[in-house]
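Visitor: I would like to learn how to read a structure feature by feature, with the general idea set out before each case. Could we go through one together?

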Amino acid sequence: MFLRKVFAFVKKEFLVEISYRFAFLLHIFGTFTWILTFYFIDRLFGSKITPHLRPYGVNYFSYVLLSIAFFSYVGTGVGSFAARIRNEQLMGTLEALLATPTKISTIIISMGFWSLIWASISVSIYLIFGAFLFGVDLTHTNLLSVLVVLLLTVTSFGGLGLLAATFIMILKRGQPVTWAVNTLFELLGGVFFPIAVFPGWLRIIARFIPVTYSIKAMQLAVHKGYSLRTLRLEISALLIFSAILFPSGLLFFKWAVKRAKMNGSLAHY
Amino acid sequence: MLNVIEVINVSKSFATSRLPWQKKKVTVALRNVNLEAKEGECFALLGPNGAGKTTLIKILCSLIVPDKGDVKIAGYNLKYHEELAKSQIGLVTGEERSFYWRLTGRQNLQFFASFYNIPSQLAKTRISELAELLNIAEHLDKRFQEYSTGIKQMMAVTRGLLNDPSVLLIDEPTKSLDPNMAQNLRTFIKDELVAKERKTVFFATHQIPEAESISNRIAIMDKGNIKSCGTLEELRRHSRSSGDSLYEIFAELTNGNVKGT
């Protein structure tokens, strides 16, 4: 039954999405121009493997392409639940959903799946452009490591996403979690450059951010083909983040729904 | 006969303030409400705007949690068996925005059927049967945004009946329907749902003729209180009003606050 509900949400979102065809084309075009920007930045500096990039064995363009593609999953994990909840509130369908005999945890997790698929589509577009148009080498990829890192990234950031949805339930607009992830995490987590370029004190702060481990592990799994064993430090860190963030996020979200039911603000936006 | 809906000592108030540091203003929505509706009964909650009708309907389907008291649906206490209680309920609101406007009616109904735990094959059959019954079959494959207000309301009724509920909760059933459509819906509720299928229909309205024409029992509400409850005959008996029409009883109990037609 859980899978049927997930499928129902995915199908619904897909049908809504294809009803706005032009938006999808714009998304592809936007991705292409974004890639192009970094391609020319890389050429500006001579496409070198700088000392900071040596552990990954690739030039800046290959590094940043994978990071920004992969960051789609982070954004998905964090932003999806809050965005979906907000969307259902605005459309007026949230109450109709919550009146059904389905657990709130099932509803919110089902909501996140479309975003996961959407992020996968985005990542595929990035990688297809990167590999076929810009010659990024993806042949060393260790697929098992990639899948494990991906799963742990989605679950740990999913926990943060549930916290973001908690804020949406209570404040309706202006939740700080997505802002923190999209600005601070992007800066400090090594999305646009390896954290090795930071001064020591910033590197210490970066260690407390899950995205740091996600990006590093993904870079090493794709560009160097590292196995799970070699990536055990990053994977352990992501496991701890997932184990803490996902259950606590779900708990906070359930509390927020209960609070909204208490003050009658479930459908307010 | 079995009580399918039981509302026991339910109270609810809302505290609101425009700014977080301002003192909260408390609005009492329901005061110690006690009601029950039996199997195969059509029960009207009649009251002026702001009486607390919608709050009570939302409490019955667990969209609002009461401050005090208990609600039982088909014997399941909402506090402890929320999903089981909700599986017995169909909800119809007059809120057009409770559907996905970019999807067709059929796609919407199939989507919601999944969340009512209805197997997909059964859902398809049920949607077709209900659409035939409510005369909306020809509209099922049009986008929801193309529907008239009347068809949107019929879609809401169809969704409310998808899981073949024992209790149908309806908030303002004929709100914004034209007289013909409103009459058709009333007939459907009275003859098909209540008389034939023995469902319990619990609806909120501020339209006196509507409450009078289709309900077996009526509760008159005002400012969060149940002023009187019973059959029309019982309401007359309890009334101190000089007249015996529901208009006069309603006017007396709500201090002349007669709304609707």
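Visitor: Which exposed residues does the face of H4(B) turned away from its buried side carry?

Guide: Before the answer, a word on the source: this is a predicted model, in which local features need pLDDT of at least 70 and side-chain atom pairs count only at pLDDT 80 or more, while totals for chains, interfaces and linings use all residues. Residues are numbered from 1 along each chain as its sequence is written, and chains are lettered from A and ligands numbered from 1 in the order in which they are written. Helices (H or I, at least four residues) and strands (E, at least two) are DSSP runs, numbered from the N terminus. A residue is buried if 20 or more other C-beta atoms lie within 10 Å of its own, exposed if 12 or fewer, and partly exposed in between, with C-beta atoms placed from the backbone. On that basis, the face of H4(B) turned away from the buried side carries Gln121(B), Leu122(B), Thr125(B) and Glu132(B) as exposed residues.

Visitor: Which residues of H4(B) are buried, and what do they pack against?

Guide: An α-helix has 3.6 residues a turn, so residues three or four places apart point the same way. In H4(B) the buried residues are Ala123(B), Arg126(B), Ile127(B), Leu130(B) and Ala131(B). They lie on the same side of H4(B) because they cover an arc of only 125° around the axis, the arc being that of the directions from the helix axis to the C-beta atoms. These buried residues pack against H3 and helix H5 (149-161) of chain B, where contact is taken as C-beta atoms, placed from the backbone, within 7 Å.

Visitor: How many Å should H4(B) span, and what follows H4(B)?

Guide: The expected span is 1.5 Å times one less than the number of residues. H4(B) has 14 residues (120-133) and should therefore span 20 Å, which agrees with its end C-alpha atoms being 20 Å apart. After H4(B) comes Asn135(B), with a positive phi near 60°.

Visitor: Where is Ile118(B) found, and is Ile118(B) buried or exposed?

Guide: Ile118(B) sits in the loop between H3 and H4 of chain B, and counts as buried because 21 other C-beta atoms lie within 10 Å. Leaving aside residues up to four places away in sequence, Ile118(B) touches Ala113(B), Ala123(B), Arg126(B), Leu162(B) and Asn163(B).

Visitor: In what order do the four strands of the open sheet in chain B lie?

Guide: Strands of a sheet pair through backbone hydrogen bonds, either parallel or antiparallel. Here two strands pair if DSSP finds at least two bridges between them. The order is S2-S1-S4-S5 (chain B), with antiparallel pairing, and the edge strands, each pairing on one side only, are S2 (25-38) and S5 (76-77) of chain B. Five bridges join S1 (residues 3-16) of chain B to S4(B), with Ile5(B) opposite Ile73(B). S4 (residues 68-73) of chain B pairs with S5(B) over two bridges, in which Ile73(B) stands opposite Tyr76(B) and Lys72(B) has Asn77(B) as its bridge partner. S4(B) and S5(B) form a hairpin with two residues between them, and Ala74(B) in the turn has a positive phi of about 50°.

Visitor: Which strand pairs with S9(B) in the parallel sense?

Guide: That strand is S3 (residues 42-46) of chain B, which pairs with S9 (residues 217-222) of chain B over four bridges, Leu46(B) having Ile220(B) as its bridge partner. S9(B) also pairs in the antiparallel sense with S10 (residues 225-230) of chain B, over five bridges.

Visitor: Which residues have the most contacts inside the largest nonpolar core?

Guide: A nonpolar core is a set of buried Ala, Val, Leu, Ile, Met, Phe, Trp, Tyr and Cys residues joined through C-beta atoms within 7 Å. The largest has 86 residues, and those with the most contacts inside it are Leu46(B), Leu60(B), Leu169(B), Val201(B) and Phe202(B). H5(B) gives the most to this core, with six residues.

Visitor: How many residues of chain B are in contact with chain A?

Guide: There are 23 residues of chain B in contact with 26 residues of chain A, and H3(B) gives the most to the side of chain B that touches chain A, with five residues.

Note on methods. Contact = placed C-beta atoms within 7 Å.
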